[in-house]
Every structure is written in C-alpha cells, then in structure tokens.
Amino acid sequence: MAKQKIVIKVNMASDKCRSKAMALVAATSGVDSVALAGDGKDQVVVVGDGVDSIKLTTALRKKVGHATLMTVGEAKKEEKKPETAAAAAVEYPYPWNFYPYGYAPPPAQHVVYKYPASSSSWWW
C-alpha cells in the first residue's frame, strides 16, 4: 500500500486541545507523521500507511471536538533539487588575522639596550 495523506479539520480552541489531538492521532496504528496546518492551526495532517480516516475522525470527534474530514489522498514525496556546482563551491576568504580566543599575539619586541657580546670589552 502507498502512504496516504489525511487532512482533518478539528475545532481546537486552546493548546491543550491541540496537544490532545496530536497525542490521539500519534497513538493510532500506521501513522508515520502528524502535523498541524491552517491559519489557526486547526487542521491535523496525518501521513501513514493503512490508517482508517473515518475511525480517526470519529475518535477526534469523541475526544476533542467537532471534526471534519477534508481530504484523503496519496502522500507525495518532495523532490530535492540537486545543488549546482557553483552553489555548492562557495568559497569564503580565509580570515588570516583571526584569533579564536579573543587575543592577538604579542607585538614584536624592540631592543632598547644590548649588552656587549663578549666579556673582553670590559676595561678592568
């Protein structure tokens, strides 16, 4: 059997009703995914294999409130377009002056006075 997509419109006034409807539908055998749709989040979209839409609508009427079966059809898989080579190979310039810990290396030290290299330069 092919997966089917069922859309049921349910009168849900609060978040408690929505979570109750989602839990009821998710516990039904054969359900793969459940989602809320519509402007007021008043439609339950069910995708599954072998789900009885009439029993599901009846159970929602008993437990949540007035429910209307909107559509029952075959679930279509979304096709992903392959990325082009130009979009996949976006290069960003390497930040050469990036210091990950928030500090820069110490500045170059300047020599102010240099001691003599050998001890033979002392006069006594």
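## Charges and faces: a short briefing

Arg-18 and Asp-15 sit three residues apart in helix 1, which is about one turn of the helix. Their side chains join in a salt bridge, with N and O 3.1 Å apart. Welcome to this predicted model, in which a search of the whole structure turns up three salt bridges. The points below follow these pairs and then turn to helix 2.

**The salt bridges**

- Asp-32 pairs with Lys-3, and their closest N and O atoms are 2.5 Å apart. Asp-32 belongs to strand 2 (residues 31–37) and Lys-3 to the segment before strand 1 (4–10), so this bridge ties together parts that are 29 residues apart in sequence.
- Asp-32 is partly exposed, with a relative accessible area of 46%, and Lys-3 is also partly exposed, at 42%.
- Asp-42 and Lys-9 form a salt bridge at 4.0 Å, N to O. Because Asp-42 lies in the loop between strand 2 and strand 3 (43–48) and Lys-9 in strand 1, the pair links parts 33 residues apart in sequence.

**The two sides of helix 2**

- Ser-53, Leu-56, Thr-57 and Leu-60 are the buried residues here in helix 2. They lie on the same side of helix 2 because they cover an arc of only 100 degrees around the axis.
- Facing away from that buried side are the exposed residues Ile-54, Lys-55, Lys-62 and Lys-63.

**A positive patch**

- Lys-16, Lys-20, Lys-62 and Lys-63 gather on the surface as a patch of positive charge. Helix 1 (15–26) and helix 2 (53–63) are the elements that give two or more residues to the patch.
- Lys-62, found in helix 2, counts as exposed at 70% relative accessibility.

Notes
Residues are numbered from 1 along each chain as its sequence is written. This is a predicted model: local features need pLDDT of at least 70, side-chain atom pairs count only at pLDDT 80 or more; totals for chains, interfaces and linings use all residues. Side-chain values use heavy atoms; hydrogens and water are left out. Patches are made of residues with over 30% relative accessible area and no salt bridge: like charges are joined within 9 Å, nonpolar side chains (Val, Leu, Ile, Met, Phe, Trp, Tyr) within 5 Å. Accessible areas come from the Shrake-Rupley method with a 1.4 Å probe; for residues, only the protein chains shown count as cover. Lys and Arg count as positive and Asp and Glu as negative; His and the chain ends are not counted. The place of a charge is taken as NZ of Lys, CZ of Arg, CG of Asp or CD of Glu. Helices (H or I, at least four residues) and strands (E, at least two) are DSSP runs, numbered from the N terminus. Buried means under 20% relative accessible area, exposed over 50%, partly exposed in between (1.4 Å probe, protein chains only). The arc is that of the directions from the helix axis to the C-beta atoms.
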